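User: I would like to learn how to read charged side-chain pairs in a model. Could you take me through them step by step?

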Amino acid sequence: MVGLNMRVSEIFYSIQGEGPFIGRPAVFIRLQGCNLRCTKNSVGWDCDTQYAWDSSGGMEISIDRVVDIVRQYQCRHIVITGGEPMIQQREVIELIKRLDGYAIEIETNGTIPLDPDFPVEKVRLNVSPKPHAPIRPEYIRYASCLKFVVASEKDLVFVDSFVKIYGVEPSRIWLMPASRNVDEHNRNIRLCWEYAKLRGYNVTPRLHILVYGESREGV
Ligand code: SF4
């Protein structure tokens, strides 16, 4: 499809800081726009990429240009993230086609219906369910990883009820500390750590917070 554009927040080369591929060099394509608003009021912690919320923010660029930028890096691992990348699902499908041969992770909240043409076999879906927005069941089926943000015991109750309702194997669950700085990270990861031992869940830190001390763009 010639001439299709995407709304992009930023594209940068860094290290995957969380989840099953933690520590792996990757090119991040952060898409602009999110259908949720995760804040202390709605979920008990603040989203650390609020600059990617506004669908009219960032920049509109062609998929051709996105692919050109990605190819400038000697890296075959891609993370498509947001915001919520699946609100640009048609464009994401096209981008995946154009990046054939790359390993692709997609970070999603799992609330946007998955198009029947979405090439689930070509990507790893890292799905992060949120308590204030119902997940689409198809994401549970295809998720490589179900990653939950944890700031309090209330979040752990949500994880347990999710596991029970959907009959998910504990080995598919990752607990991740809500964190915009190191203090918050270390406080919350202890909660994740102890609870993961109890339930057989996985824990992921957020390396980029530990390395740079706070949440920021481009890392
Ligand atoms: S779904 Fe993700 S990007 Fe959107 S507000 Fe929540 S944490 Fe932020």
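Analyst: Let us begin with one pair, bearing in mind that this is a predicted model. Side chains of opposite charge can pair when their charged atoms come close. Here R199 and D160 form a salt bridge through their side chains, with N and O 3.0 Å apart. This pair joins distant parts of the chain, since R199 belongs to helix α5 (residues 182–199) and D160 to helix α4 (residues 153–166), 39 residues apart.

User: Are R199 and D160 buried or exposed?

Analyst: R199 has a relative accessibility of 37% and therefore counts as partly exposed, whereas D160, at 18%, counts as buried, because the cut-off for buried is under 20% relative accessible area.

User: Which residues do salt bridges with shared partners join into one network?

Analyst: E18, D48, E107, K147 and R206 are joined in this way into one network.

User: How many salt bridges does the structure hold, and which residue pairs with E60?

Analyst: The structure holds 13 salt bridges. In one of them E60 pairs with R7, and the closest N and O atoms are 3.4 Å apart. This pair also links distant parts of the chain, with E60 in strand β3 (residues 59–62) and R7 in strand β1 (residues 5–15), 53 residues apart. E60 is partly exposed at a relative accessible area of 49%, and R7 is likewise partly exposed, at 21% relative accessibility.

User: How should I read a pair within a helix, and what separates K97 and E94?

Analyst: K97 and E94 lie 3 residues apart in helix α2 (residues 89–98), so about one helical turn separates them. Their side chains meet in a salt bridge, at 3.7 Å from N to O. K97 is exposed, with a relative accessible area of 55%, whereas E94 is buried, with a relative accessible area of 7%.

User: Why is α2 described as largely enclosed by the rest of the structure, and which elements do its buried residues pack against?

Analyst: The description follows from a count of buried residues: 7 of the 10 residues of α2 are buried, so the helix is largely enclosed by the rest of the structure. Those buried residues are Q89, E91, V92, I93, E94, L95 and I96, a list that includes the E94 of the salt bridge with K97. The buried residues of α2 pack against the strands β1, β2 (25–31), β4 (77–81) and β5 (103–108), and against helix α1 (63–71).

Note on methods
Residues numbered from 1 in each chain as written. Predicted model: local features only at pLDDT ≥ 70, side-chain atom pairs only at ≥ 80, totals over all residues. Heavy atoms only, no water. Salt bridge = Lys/Arg side-chain N within 4 Å of Asp/Glu carboxyl O. Helix = DSSP H or I, 4+ residues; strand = E, 2+ residues; numbered from the N terminus. Buried < 20%, exposed > 50% of the residue type's maximum accessible area, 1.4 Å probe, protein only. Contact = heavy atoms within 4.5 Å.
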